[in-house]
Structures are given as C-alpha cells and as structure tokens.
Amino acid sequence: AAKDNWNQYLSRIDVTGTEAEKTNYYTSFYHALIQPNQISDVDGMYRNANDEIVKTGGDAFYSTFSLWDTYRAAHPFYTLMVPEKVDGFVTSLVEQGEAQGFLPIWGLWGKETYTMIANHGVSVIAESYRKGFRGFDAERAFNMVKRTQTISHKHKSNWENYMKYGYFPTDLTEVESVSSTLESVYDDFAAADMAKRMGKTEDAEYFSKRADFYKNLFDKETQFMRPRNSDGTWKSPFNPSEVAHAESKGGDYTEGNAWQYTWHVQHDVPGLIALFGGEKPFLNKLDSVFTVELETTQADVTGLIGQYAHGNEPSHHVAYLYAMAGRPERTQELIRQIFETQYRPEPDGLCGNDDCGQMSAWYMFSAMGFYPVDPVSGNYVFGAPQLPKIVLNLADGKSFTVIAEGISADNKYVESITLNGEPYTKNYITHEDILKGGTLVFKMKN
C-alpha cells in the first residue's frame, strides 16, 4: 500500500533521461514530499503551540515547515504538483499563528523553534492566494499575515525600529541586521500583494512602501547591501566576504555574506538593477560573484562557485538574475555547471542540506528550464532545461510537457522557445500557462 501510495505521487511527473538523471530527479521528488508532516490524529485532534489539545479546522494539521528554505521553490512546487495539500498547509500555518501570536518561523511538531529569520509563512500564504487557492479562510489568513508583520514580540524582529529607520540598524539589532531587513522586505511585498488582491487598499499601500526598504541598505560606493547604524552611517570596517551567523555571533548576515545577500531582492529585480546604475554595472558585479573565491569553514556555506553558495538557500535565485538582465546565456551556462557539480545520485550527492526539499525543488524546476525567482508573482523565469523531456501530469487530467530539442553536452544554450507551437518571447512563463496544459519546446544550440 505504501509503495502504491508513493507511486501515485511519483508518477505525476514522467522524466526522460539517463538512469543517473532519473535517479536524481525522482530522489528530488521523493525528498520534497517527505514534509510538511501531518501531525493530527485520525479524528483531527493535535497538540498545538500552547500545549492544548485541539481539533484542526482543516482536513489535517501539518507541521515541519522549514519556511526560510522552502518558500523559495518547494512551496511553489507544491502548488503545481500536489495542489490538494496547499489549502491544508495554509490553514495549518494560520492555526499555529493564532495559537502563538505570529505565523510560524520554523514550525516543528506544531511548536515554534525560532530558527532562522523573517517570517516566510507570509510568502507561502500570499503565493497560494495569488495562485487561486481558496480552500482556506482568506480573511483569517490575512489577519495573521498583518499581525505577524506589524506586532513585535521578544523572539521576532523589532518592527518599531524597522519603521523608524527603514531598516534594522546594526547597532540596535541583535540578529543579522542586513539579512533580517532584506528577508522581511520580501514578506512585506507578499503582504502587499495579498492585500491588493483582497481589495485592502490601505494595507496594500502600507506594505508596498515597506517593500522598498531594501534600497536603504544599498551602499552605492561598495555596491553591496551593507550594515547601517541608527544614525545613518555605514558600519565599518566592512568586509563583504566575511561569513556571518554561526562563526561570529552578532554578524549582519544569515549563513552568508554581502556577496550573497546583495541579490536578495526577489520581488523587484528592475529596482535592484537601477540601484547599480543599469544593467552593465549590475552584470559586472554579478560576474564577480562567480569568480571571487570564498574561503570559509561555515558548515552551511557550501557548494561554492566563487562566492555563489549553492549549498545554501539565499543563493538559489542568483543564477537566474542574468536572464532578467539581458544575458540569458550566462544563466544557461551556470545552470548546467550547477547540475554537473552539485547533484549526484549518491548518498552524499547533495552539496548542502536538502532543507526539507528546497535543494531538490531547485533541481526539479531547473531541470524543466524555469525557476520561481519571485514565488508570489506566479512567474517562473527561464533558464535552460537539463533533460530531453519532462511531462507534468496535472491535477485535473491535463498535462504540461517540456521538450529540450537537440539537448546534449554541447547544446546547453537556448536558441528559441515555442509554447503550443507559437513562438514565445517572454523571459518567464506564468503559473496559469502551465496549468492550462500544453507543450513548451526549447530549441537547444551550442
């Protein structure tokens, strides 16, 4: 029965490729499905964050939400391939939020671990709403989103400082000020998007303003997202290569450094390009990320290509930024390099912690030739497919097929794209286009 159950899930994607490629792909799919976990009993009862035994309002109560990792690609993957679970995930996040006063940061066994920064349950909820999921109470969900992003508590970012300065000042913040600001800004964007779609104009305006706070940490002189003091001065001395978090208590970055976090503006890449002064300086800086060597003993900063760390999540969208700045061929090269060096069908085949399916979801999306740089937008940015053919068997009997025509070791670049036989010129595909079913053909070249 267990085998049949797993196959019912794993057969939702048909992969054509070598044995090694198929092993990599289905291992990734399997990893992504191990969690979140249902922790409610058959009668719907579970023990909540306050240690009370309660009955879930959904079909089941889920926990094991590694949200700092999984909001990036694992949850977007669930919206495509296990959509029947999404409403239950959202309801569970909201229920735990109501019990503890804020949405889960990293939920485990229905409790809060306070691991990592920001509050990406906000992104998961807003993305689900944007993609048309309506099997959860949207008003209740938005109330928790708003409460989470505006009411401070001892374990969470100080929103008073955030609003007063437009960033978390390094001299007033105990945790990773730059990363905390940039990650919170993305959740603000998510909250604004959901508010706008629900007709909550005032909330949408409030959170939209906050979604621009990333601009306050960009130092034009060094061209890095840099820690800033409450008096507006930049923290110095400043070493962009210094990896913070586990190595140095009180660092300004989370499991990373300025090289990696400068790109953490998922919702407004054009705005980030403008801060650099245009595509050319933006691309120059991006080039140096992959060439300046990083030496570190930090256990989480692994899978290195220059300063790019594929073994940790803040880097996961960075290779796709080339495609958004007019150099898609560089994205295509890097995706192939990451595939060849960072994923092997072996027990130690991942270059970093899988983090509840996020490393795996990056692999599956990138193999299909696209990736959710900004999950809440519902757009998937094109890279280059890595397998000859992948068929997604969607929930309503439709299927979406991705074909990489002429793919080989040399033919790793995309010459042209067609969707259902028509030339396709955008640099992304929408969630809705995939759900309609059809065929996406990449013509590959050397």
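Rings of Phe, Tyr and Trp (its six-membered ring) count as a pair when their centres lie within 6.5 Å; planes under 30 degrees apart are stacked, over 60 edge-to-face, and the rest tilted. By that rule, the whole structure holds 39 aromatic pairs.

Before you click: this is a predicted model, with local features needing pLDDT of at least 70, side-chain atom pairs counting only at pLDDT 80 or more, and totals for chains, interfaces and linings using all residues. Residues are numbered from 1 along each chain as its sequence is written, and side-chain values use heavy atoms, without hydrogens and water.

Start with Tyr253 and Tyr261. Their ring centres are 6.4 Å apart and the planes sit at 40°, so call this pair tilted. Both tyrosines are buried (under 20% relative accessible area with a 1.4 Å probe, protein chains only).

Next, select Phe29, Phe77, Tyr320, Phe365, Phe370, Tyr371 and Tyr380: ring pairs join them into a cluster.

Now for charges over rings (NZ of Lys or CZ of Arg within 6 Å of the ring centre and within 35 degrees of the ring normal). Show Arg134, whose charged end sits over the ring of Tyr129, 3.6 Å from its centre. Then hop to Arg228: its charged end is over the ring of Trp234, 4.4 Å from the centre.

Note on methods
Buried < 20%, exposed > 50% of the residue type's maximum accessible area, 1.4 Å probe, protein only.
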